[in-house]
Amino acid sequence: MELTPILTVAAKEFRDRMRNRWVLAVALVFTVFSLVIAYFGGAQQGQVGFRSIEFTIASLVSLVIYLIPLIALLLGFDAIVGERERGSLDLLLALPITRLELLLGKYLGLAAALALSTVAGFGLVAVLLWRHMSANALFHYGGFMLSSVLLGLAFLSLAVLISVLARERTRASGLAIATWFFFVLVFDLLLLGLLVTTGGQFAGDAFAWLLLLNPADVFRILNVFSLEDVRTLYGLASVVPASLGNPLIMGGVMAAWIVLPLALAQWRFKP
């Protein structure tokens with residue numbers, strides 16, 4: 001495996017996203033929604049304006065869980081299958097580049113565009129609100145931004161895997177939407193249904209460890225346990241054991257969600 005072809009493919013993917021203003025559009029979406037949530041998130045309680053970093057992160061977690069996985073899946077679902085349908089995949093593989101190099105190049109280019117839009121969008125919010133934040137608050141907000149990038153990279157890995165497995169672009173898009181629907185909406189409902197049908201016998205550490213099977217829940221745990229007030233707001237302190245509150249452990253789990261789908265995609269990647 002050589003680095004030059006990987007970087008060449010990655011640079012092309014990144015330039016394509018910059019050329020069609022994709023990064024700018026996503027960054028603006030994150031900025032607008034984040035500012036609205038930061039200033040008007042407490043309107044139902046009769047409070048308008050920035051309240052605290054705890055309340056802001058707790059509100060933004062829900063936004064990120066819905067938006068970033070969807071954006072990542074839509075960004076990467078046609079990375080390989082699109083080239084296959086256009087007939088350019090065989091041409092690319094005829095060049096001095098391996099399937100692994102092509103896959104990594106595609107992923108890294110898309111990942112750079114997604115990470116840039118995420119950091120730019122949420123970073124602009126930090127610039128606009130820095131006067132309301134202490135140094136400690138800015139530190140936790142930076143951790144929130146980093147975990148948001150990791151969440152996007154995890155779902156981008158799933159998108160690339162879908163693109164490798166699907167033989168048609170329309171099927172890949174359907175699988176991408178189904179993946180978002182399952183992890184963001186259905187997974188937690190299934191766990192809740194299991195908890196209810198077993199009369200609470202399934203509660204405890206086993207229930208908490210099953211949350212690690214969903215990268216969206218891993219992201220939620222990362223941010224819920226970063227601040228005491230946020231943990232109280234979500235009410236997960238009594239559900240998730242303290243051992244899962246270690247950011248290093250959760251970061252390792254999120255890294256696994258990034259690496260394993262890519263490894264499976266490389267294994268199943270056939271022209």
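1. The fold first: the protein's secondary structure comes to twelve helices and zero strands, where helices are DSSP runs of H or I with at least four residues, strands are E runs of at least two, and both are numbered from the N terminus. Along the sequence the pattern reads α-α-α-α-α-α-α-α-α-α-α-α.

2. A word on provenance. This is a predicted model, with local features needing pLDDT of at least 70 and side-chain atom pairs counting only at pLDDT 80 or more, while totals for chains, interfaces and linings use all residues. Residues are numbered from 1 along each chain as its sequence is written, and side-chain values use heavy atoms, with hydrogens and water left out.

3. Of the contacts (heavy atoms within 4.5 Å) with a separation of 6 or more, 80% are between residues 24 or more positions apart.

4. The unreviewed UniProt entry annotates "transmembrane region" at residues 22–41, 53–75, 110–130, 142–166, 172–195 and 247–265. Such annotations may be inferred rather than shown by experiment, and the positions are in the numbering used here, with feature names shortened. I looked at two of these stretches. Residues 142–166 are 96% helix and 0% strand, with end C-alpha atoms 36 Å apart. Residues 247–265 come out at 100% helix and 0% strand, and there the end C-alpha atoms are 27 Å apart.

5. Now a helix pair. Helix 10 (residues 215–224) and helix 12 (residues 247–268) have axes that come within 10 Å and cross at roughly 160°; axes are lines fitted to C-alpha atoms over the stretch in contact, and angles run from 0 to 180 degrees between N-to-C directions. Helix 10 and helix 12 are therefore roughly antiparallel (over 145 degrees; under 35 is roughly parallel, 65 to 115 roughly perpendicular, the rest oblique).

6. Who touches whom in that pair? Pro215, Val218, Phe219, Ile221 and Leu222 of helix 10 meet Pro247, Met250, Gly251, Val253, Met254 and Trp257 of helix 12. By class, this contact has ten nonpolar, one polar and no charged residues; Gly counts as polar in this scheme.

7. Finally, Ala120, which sits in helix 6 (residues 99–129). Ala120 is partly exposed, at 36% relative accessible area. Beyond its neighbours within four places in sequence, Ala120 is in contact with Ala27 and Thr31. The C-alpha atoms of Ala120 and Val26 are separated by 9.2 Å, although the two residues are 94 apart along the chain.

Conventions: Buried means under 20% relative accessible area, exposed over 50%, partly exposed in between (1.4 Å probe, protein chains only).
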